[in-house]
Amino acid sequence: MMDAPSANHSRAPGQSWAGQNGWSPASPPGPPCNPLPGFQHLSLSSPSDQRPEHGLLQGSAPTSPPGDHALHPRQGRRVPPCSLPLAKEDPCRVQQMPFYSPHSPYQCASPPYAQQGSPSVPDGPLSSRQSHLPVGSPSLGADGPLCSPRPAFERADAGSASRQPHWTLAAPSRGTIDELVPDAAAPAWNAAPQSPPPCESRYGLDPELLPSVVKVMAEDAAEWEGKVFVSEPFSRLPPLATTPCTIEDRGNASPLAIRSASYCVPCEGQSALLSRLPLAALLTPLAKLSEEDPLRSEAECVSGCGSCGAAMCPAMGWQDCGQRFFCPFCGKLNEVPWHHYQPTRGPEGVRVDRDQRPELSRGSYEILGPQTGEPAALILAVDVSASAVRGGHLEFATQQIFTLLTSLNSGDGVRVGLMTYDSRIHLYDLSPALTRPHMLVIAETEDLQLPVREGLLVPLKDCIHGLHSVLQLIPQFSPEGGGSGGGSGGVPVELPVKAGLAVLQALGCPGKLLVFHAAPLVETGDTNSSSGFFGSTKAKSIFQPSEATASLAEECVRQGCGVHLFVLAQQDVGGAWPGHIPYLTGGALRTYDHLQGELDRERFSADLQRVVETDTGYRAQLSVHVSKDVRVCGCYGLFLPTGATPGRVAMATLDRRTTLAVELAHNRALDETRGVAIQTVLSYSTQAGRRRTRVHTLTLRCSRHLQDTFRQYQAQTLLTFYCKKIYCSVLERPLQELREELQTEVTEALASYRKHCCSASVSAGQLVLPQYLRALPVYINGLRKSEVLLPGLRSSVHQRLQQRCQVLAMDAAATSAHFYPLLLPLPLSVDAASSSSAAPGEALRCCAASMEPGRLYLVHAPLTLLLWVGSRVPACTLMALFNAGCFSSLPSGETKLPVLENRLSARVRSLVHALDAEAPCARTLWVVKQGDACEEVLQRHLVEDKSPNGGASYADFLYHLHVNSVRLLQ
């Protein structure tokens, strides 16, 4: 662990994992000695007498792919040895992370290995000297590198066993960074230890020579530019989730719908345990694919398996000339109905009508069910308590609501309902037969009963004028007229949710419930009961919803009611977090600061429009089927677990961004010829009430070689899976334990790859990584030191709860961008912005060393957009972009770029608009000036540096991963 070392780590009984796999067990207790002979340099190079192994990060005797102009030793030029200088330290004082995790997902192979008293990377808050970014690019050592790193990776075919080009590193010529490490023999009172800047390593590693995320993404984008990825059974690795690419479905689902962690599954369960990496897949059932899903009626489709319920797909095997088919998900034979029978042809037994039937030739298709239910409704609930009316923001909110309803009135007729609430519920009868709407007041809210049903949900075109009259009157409500809600006390958010749910239940339809809340947030229920947070002996977590909240969310899921909560008056301190019900029902929580500023009002309007116009599925039932030799052992995401099999999930609503993760485990050895099939069957209702079933099927190949499995993993997919699993585990387990387990799994995976997949002899100082997992350490470090798992001094509980739910709902592309934001340089002059393209410059490494004081940079993350302005930016640039004459007059914080008539302003505003369109929610641009107090917001996003909350830098984390993986092999 690298954050806060625990006081004790007792050795678990039994043989260690290292010993079980043929490795020497841990050394006996005592003063730890350095297991790496002569480990004064962490070399990222290959042995000079052998050709480098696939996936090694090499340095000496650099090799280059065709077209690369790196000089080789045989060309007459002497290439200096590539090793990264380390601090001169006592070899018996090598710091190490603890390995043991008592809650390993593979309990039978958990490593009960612990190093007594081994220190960890000393994380902690940044000192006052480090609170701001340096004015210039900081020096990363006594001497700079002789030459820059040269990436030379090329994507290999999945089945190829040939060695690949390697990533070569250059080294500093001399010198160490003794000045960055305090003298161990010096007395504590002589001088305080001089900590390095946040961008430097404590161990002398040059961050510029480490694997780079931006280079990995750039290489992948260059490889797939202008190409089409053909998704067919047993296909090779797809493009990265962040790489735009055209995808053609030829019998395998698009990676936008199902993305496997590894596209080669080990045949033996013991091999999967040995790799220490999970067998998992990311599921986005309603993903917007590159091509339209074929829509077939249920009567036209060949029926699927009658035993396990799997839908028809290309993975089914046909027998007896097409009279029966073999189901790979349960292993049983099924008879084909006579009206769907067609003969087969060829030795592979392919049906003659295969190309005419999407269920036989496509990895993704959709079935239109025969039944039609009630169309989805839209219910608006507005807080009219005393604090809400006095706040003065109801007038703007009701104006925006009516503007949105007016735009919806021109489209398909949607049924709309309206209610207001304080301590009571006010329903409105919007029947078109009435001359004006009638208010129905419900004072008894404990056992809520609807007085009438007619007129509560009316087609928008029939009640638009009545809605307008009521919305105009809402800001004029008297603050004194309303029971306990008229006082200064808060109103529970659960009250309008119960009322809206009762309306939907009475009329038997699903829908969206939009709650506009402004009163102080309070909890419901008896806080003095034994079920409270402090009244129970059961371990609790701040992330856990209360039992009453979970019960109400479960009712919403059964009815298909998605709750979207707009908190118009954000509370900085105190109050119950109201986001559990919205996020558990497929909705979201959005907060604003009284809607007073222009930026808040624009964000409110954008959020409101996005919520209503997003295509949504209601009353969704998701079933995950896998080959009979494997099973689904875990499912992670924003949903309520039912307690039944993890492959069955019920959701109130979902959209095209909703992503879940499933974890697989072996039941028995796999057949290498059949592979592994994964199928998701999503049954949901559309806005019009039509029942549909969307089917995605992915077929993966199997291998008995562990090296093939490692080569088919992708770092972004692993990051997303680990994020969803750990963020779901915070409900039950301590955060420190989860950080340790994550670190342990990655350390053991690197050790396993080093032992079993490296044919070349490598020294202890060489770092070995699989080719497509080069970016995994920096991603994992970003996850470990996220605000959810490692809160900082300024992290509020509400912010952490909100961020956890927002990230849990993201897909792989958004998750990777969240944990490694894009750092985009902007042009400084009008001439540089003369290009008609709005694309920014090439992305840079996300660290302070990449930022120059004379430049502008955009930091793009799914939830944040920052514009950093250096102190030496030319005045003409500030005038052209901000209409500010000098750096000191430039305002910082939330802002909106002014509309100026020049190419630089137009290009930057166009880029900001394009990035906002990709974000999952409306964002506000933050301008961060160099040296300003709000620069800490930027420092939290520079993930390669040490974080303000104490998270280790990328270089230090990678150093410890390497040292501990080598220790496991000793």
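I looked up Arg276 and found it in the loop between helix 3 (269–275) and strand 9 (279–283). Helices (H or I, at least four residues) and strands (E, at least two) are DSSP runs, numbered from the N terminus. The model is predicted: local features need pLDDT of at least 70, side-chain atom pairs count only at pLDDT 80 or more, and totals for chains, interfaces and linings use all residues. Residues are numbered from 1 along each chain as its sequence is written, and side-chain values use heavy atoms, with hydrogens and water left out.

I noted a positive phi of about 65 degrees at Arg276, which is not a glycine. Arg276 is buried, at 3% relative accessible area; buried means under 20%, exposed over 50%, and partly exposed in between (1.4 Å probe, protein chains only).

I went on to strand 9.

I then checked pairing, which requires at least two DSSP bridges between two strands. Strand 7 (residues 258–260) pairs antiparallel with strand 9 over 3 bridges, and Ser260 has Ala281 as its bridge partner. Strand 28 (residues 660–666) also pairs antiparallel with strand 9, over 5 bridges; there Leu282 stands opposite Ala661.

Last, I looked up Asp320, in the loop between strand 11 (317–319) and strand 12 (324–326). Asp320 has a positive phi near 55 degrees and is not a glycine. Asp320 is partly exposed, at 37% relative accessibility.
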